[in-house]
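Here are some notes to read alongside the model.

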Amino acid sequence: MVTLRQPSHQRFIISDEAGPGALRRAVSAWADRLGASSTGRWRAELVATELAANLVRHAKPGGWVLMRPLPPATVELIAADHGPGIADVDAVLDGRHTPPPGLGQGLGRGLAAVRRASCCFEVYSQQSRGTTVLALVDLTDAEAPVTRSWAGVSLGIAELCGDGWAVAELDDGLAVAVVDGLGHGRHASAATDAALETFAARPDDIDGFVARANDAMRATRGAAVAVCRLWPERRVVRYAIVGNVSGRVVSATAERGLVSTSGTVGLQSTPPKTMVAECPLPPDAALVLWTDGLSSRFDLARQAELRRRDPALLAATLHRDHRRERDDATVVVVRVP
């Protein structure tokens, strides 16, 4: 099954009491568009309100919530902050945490309610560094738990994000593409669309992708691209990267960077020379791809707990800690099944 361009996230800055209401209204509107049941909409509004309220109460000076719809009937919400962190996440979720004087009696109950209303829920918190909370809400009456092997965070500085990504689930593995259209906004997004439509047409064709994408993008401003083909049983990933998209294969023992070729796809009639390379894929590994809206100065090899989490939580934590605010920024994580 081919998954085309993934929806980008919308960011809601939460710094005062008006923030939860604005987020709740936006989530409710998306629930209506996706045909939510009354129970599904209630769950989504509850999760949005509680995540935002926790940022106002406990993450001084606040934080933000990333939201995106996942058709046909799911909403993804990720709260992130640079607050004090949660000393004992299990105690908070189990209701064993006693609120300090003056903070009210609701401390901890909000996250427990979010967990109950979500089909996928995870918390990652570090003392003095902040907290990231992932909640995936099913808008139908089905409440089956969800486990994912790939996810990402993509956030633009304009109304339309110039970055984009897509994943294809194939019989013997996965293919993933990350594209950074030159510049920002509508024209950059159009270049990204052209590249990802090319990827979707033949996701298993790593060797021919750059040439095909170059032809498809000639009417656009061009883009940096990365395309990868993962064979988990063979423990290998083949890839081609052109321009300022970076990649690493991260495992418990090492981080191995992926080699890129300089250039831009779509600017010239002749595609840039591209090296198709291979990299080992250990059984506990994660493939991480990101655009130049993120700094490359992170070390995941030593963060075993974070690597075990849902890929969206991992991506959002990297996005929180390493994003450059003046550029579109995307990070995609694929965990080896």
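1. Start with α5 and helix α6 (residues 206-216), which pack at an angle of about 135° with their axes 9 Å apart. That makes α5 oblique to α6; angles under 35 degrees count as roughly parallel, over 145 as roughly antiparallel, 65 to 115 as roughly perpendicular and the rest as oblique. The axes are lines fitted to C-alpha atoms, for helices over the stretch in contact, and angles run from 0 to 180 degrees between N-to-C directions. Helices (H or I, at least four residues) and strands (E, at least two) are DSSP runs, numbered from the N terminus.

2. A word on the source: this is a predicted model, where local features need pLDDT of at least 70, side-chain atom pairs count only at pLDDT 80 or more, and totals for chains, interfaces and linings use all residues. Residues are numbered from 1 along each chain as its sequence is written, and side-chain values use heavy atoms, with hydrogens and water left out.

3. Which residues make the α5–α6 contact? On α5 they are Ala-194, Ala-195, Thr-198 and Phe-199, and on α6 they are Phe-209, Arg-212, Ala-213 and Ala-216 (contact means heavy atoms within 4.5 Å). Among the buried residues of α5 are Ala-194, Ala-195, Thr-198 and Phe-199, along with Gly-185 and Leu-196 (buried is under 20% relative accessible area, exposed over 50%, partly exposed in between, with a 1.4 Å probe and protein chains only).

4. Now an open sheet of five strands, in the order β2-β3-β4-β6-β5 with antiparallel pairing (two strands pair if DSSP finds at least two bridges between them). β2 (10-14) and β5 (120-126) are at the edges with a single partner strand each, so one side of each has no neighbour in the sheet. Neighbouring strands here are turned by 15° against each other on average, direction ignored.

5. Glu-76 of β4 stands opposite Arg-68, and its bridge partner in β6 is Leu-136. β3 and β4 also form a hairpin with three residues between them.

6. How is β4 covered? On one side Thr-74, Glu-76, Ile-78 and Ala-80 are buried, and on the other so are Val-75, Leu-77, Ala-79 and Asp-81. In a regular strand the side chains alternate between the two faces of the sheet.

7. Helix α2 (residues 38-58) lies across β2, β3, β4 (74-81) and β6 (130-138), at about 170° to β6. α8 lies across β3, β4, β5 and β6, at about 140° to β6.

8. The other sheet is also open, with five strands in the order β7-β16-β15-β12-β13 and antiparallel pairing. Its edge strands, β7 (150-155) and β13 (255-257), each pair on one side only. Helix α8 (residues 311-322) packs on this sheet too, touching β7, β15 (286-291) and β16 (329-335), with its direction at about 30° to that of β7.

9. Val-250 has Glu-255 of β13 as its bridge partner.
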